[in-house]
There are 2 protein chains.
Amino acid sequence: MVTSITSDAVRERCAHCPGRSHSICNVIDDDDLPILVAESARVQVAKGRAFIEEGAPAHEFYVLTEGRVKLFNLLPDGRRQIAGFADCGDFLGLAAVDHYAFSAEAICDVTLCRFSHSGIERLTQRFPHLEHRLRDEASRELTIMQRRLVLLGRKTARERLATFLIEQSLPPCCTASDLLEKEEKPIKIKLLMSRTDIADYLGMTIETVSRTLGVFKKEKLITVQGVTAVTLLAPQRLRAIAEGNG
Amino acid sequence: MVTSITSDAVRERCAHCPGRSHSICNVIDDDDLPILVAESARVQVAKGRAFIEEGAPAHEFYVLTEGRVKLFNLLPDGRRQIAGFADCGDFLGLAAVDHYAFSAEAICDVTLCRFSHSGIERLTQRFPHLEHRLRDEASRELTIMQRRLVLLGRKTARERLATFLIEQSLPPCCTASDLLEKEEKPIKIKLLMSRTDIADYLGMTIETVSRTLGVFKKEKLITVQGVTAVTLLAPQRLRAIAEGNG
DNA sequence: TAAGTTCCTTGATCTAGATCAAAAATTATA
DNA sequence: TATAATTTTTGATCTAGATCAAGGAACTTA
């Protein structure tokens with residue numbers, strides 16, 4: 001019985017999907033999930049593998065359901081700019097007209113739901129508010145981009161790294177300084193990417209990243225355990241630096 | 001007779017609108033324009049006036065119908081990053097979640113069509129493909145943003161300015177290197193913004209902009225008549241520099 | 001557990017582009 | 001048309017961050 005197979009797929013695919021709640025799928029009722037699943041394919045990508053290639057014809061969208069991905073652009077001589085890191089639930093592929101404007105590579109083993117453009121077309125026909133949700137997603141991304149331009153165009157290394165640390169300390173979806181706590185209680189974060197990735201994200205070199213972290217340590221703004229574990233000792237102070245009041 | 005008043009408004013507002021053909025309005029049939037007009041208000045903004053304020057609650061969208069606008073962000077100490085220059089037909093306001101992520105200021109006297117979010121809501125309800133058109137607009141903007149990140153994060157002053165000149169030499173809508181002509185015939189362009197604006201757009205200082213133009217002159221890559229008129233003597237060569245093959 | 005990789009940090013030096021300063025060109029005003 | 005204000009160019013100097021070059025840590029793999 002086809003229906004039961006489909007709902008099995010849904011149970012498997014969506015029921016425990018950690019992205020479900022804040023991905024675009026959150027505008028689809030549970031009852032309608034089979035329709036969504038029918039238009040999507042689960043894809044696994046191994047750590048280090050690219051699955052979107054800048055300049056390639058854009059025929060697909062992706063919802064990241066497990067793992068982490070970096071989005072980037074390359075110059076012919078290898079200079080790299082990382083546009084962002086995608087987390088669980090993030091939607092990939094909007095930055096494309098006919099061709100992808102970026103490449104995407106798995107930072108760790110990754111699971112995705114792949115939707116063809118035509119599939120999404122059918123879905124938006126059926127669920128008009130999905131189209132609105134996609135626009136919303138794009139607006140959210142544009143907002144983030146806007147802040148990144150300021151960071152790359154006008155901020156100092158110190159300000160960039162402070163921005164990055166604060167950004168990493170915020171819960172995934174709340175991109176802005178929504179939850180601005182006044183108190184200076186330490187925040188523990190885990191840096192889930194290499195120094196090279198951080199440097200390419202912030203438009204600087206690994207040496208400057210390392211040195212600036214060193215400065216923050218000396219100023220008792222942070223503490224570093226090993227390489228990836230960082231404790232923000234004075235988040236408000238860091239936030240001030242990030243905004244340019246250093 | 002109400003209908004006739006409305007169609008008068010349309011005749012006046014849309015019939016000769018230079019933005020009509022490539023703005024979002026191009027998905028609305030001429031016959032339906034009165035509905036569009038009913039949801040919009042014509043706004044005039046004087047040169048130098050800001051009409052969108054970063055951080056202000058976002059309740060409106062704008063279609064630029066006449067003139068030129070700069071979109072920017074400020075840091076508290078006055079450092080400025082210009083995200084882009086909007087031309088006739090451009091749609092403004094997508095980079096906002098609840099609050100605008102940018103400020104917008106008229107470079108010259110400007111005319112806009114203002115739509116409230118709720119008005120657009122009603123229009124997308126009535127014309128579902130308008131919603132798709134808005135997403136498309138957002139995708140286009142995201143594509144541009146992606147390239148800007150590379151420029152600001154990884155390109156040299158020389159590369160930035162070459163990119164800018166090439167960009168300015170392309171017709172308004174064709175953002176990419178769509179029309180890549182192989183021949184090296186000179187292209188005349190007019191820079192419609194001040195050196196300060198160019199600098200803030202490219203993430204550099206006016207002095208570096210000026211000096212780099214000087215270098216290009218010496219290298220016979222360009223010729224400058226007065227301050228605003230520039231002739232690209234070797235567009236292909238400039239394009240190569242822009243891409244990082246300088 | 002050791003040896004090889006790879007990644008990160010730290011130090012020394014260099015340089016692209018910023019800053020500071022002033023002259024030249026352009027635009028505005030009277 | 002002269003003069004003042006503004007904008008742009010050019011020059012001299014400085015510096016934030018890049019580059020070059022070793023050491024150390026931290027993972028791999030055998």
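Student: Hi! How many cavities of 30 Å³ or more does the structure hold?
Tutor: Hello! This is a predicted model, and the structure holds 2 cavities of 30 Å³ or more.

Student: What volume does the largest cavity have?
Tutor: The largest cavity has a volume of about 120 Å³. Its lining is made of 15 residues, and those closest to the centre are Cys14(A), Cys17(A), Cys25(A), Thr65(A) and Cys113(A).

Student: Nice. Which elements give two or more residues to that lining?
Tutor: In chain A, these are helix 1 (2–15), helix 2 (33–38), strand 1 (40–45), strand 3 (60–66) and strand 8 (110–116). By residue type, the lining of the largest cavity divides into 8 nonpolar, 4 polar and 3 charged.

Student: And how much space lies in the second largest cavity?
Tutor: The second largest cavity has about 90 Å³ of space. There are 14 residues in its lining, and nearest the centre lie Cys14(B), Cys17(B), Cys25(B), Leu36(B) and Cys113(B).

Student: Which element supplies the largest share of that lining?
Tutor: That is helix 2 of chain B, with 3 residues. The lining of the second largest cavity divides into 9 nonpolar, 3 polar and 2 charged residues.

Student: Switching topic: what is the strand order in the open sheet of chain B?
Tutor: The order is 9-11-10, in an open sheet of 3 strands with antiparallel pairing. Strand 9 (187–190) and strand 10 (222–225) of chain B are at the edges with a single partner strand each, so each has one side without a neighbour in the sheet. On average, neighbouring strands of this sheet are turned by 20° against each other, direction ignored.

Student: How many bridges join strand 9 to strand 11 there?
Tutor: In chain B, strand 9 and strand 11 (residues 229–232) are joined by 4 bridges and run antiparallel. Ile187(B), for instance, has Leu232(B) in strand 11 as its bridge partner.

Student: Now the DNA. Which residues come nearest to DNA strand C?
Tutor: Of the 17 residues around DNA strand C, the nearest are Arg195(A), Ser210(A), Arg211(A), Ala157(B) and Thr208(B).

Student: Which residue has a polar side-chain atom 3.0 Å from a base nitrogen?
Tutor: That residue is Glu207(B), and the base nitrogen belongs to DNA strand C. Of the atoms of DNA strand C within 4 Å of the protein, 66% belong to sugar or phosphate and the rest to bases.

Definitions and conventions. Residues numbered from 1 in each chain as written. Chains lettered and ligands numbered in written order. Predicted model: local features only at pLDDT ≥ 70, side-chain atom pairs only at ≥ 80, totals over all residues. Heavy atoms only, no water. 1 Å grid on protein atoms, 1.4 Å probe; cavity = no way out; pocket = protein on both sides within 12 Å on 5 of 7 lines; lining within 4 Å. Points joined across faces, edges and corners; volume = space filled by probe spheres on them. Nonpolar A, V, L, I, M, F, W, Y, C, P; charged D, E, K, R; others polar. Pairing = 2+ DSSP bridges. Axes fitted to C-alpha atoms, helices over the stretch in contact; angles between N-to-C directions. Near = heavy atom within 4 Å. Polar contact = N/O pair within 3.5 Å; in protein donor to acceptor, adjacent residues only side chain to side chain.
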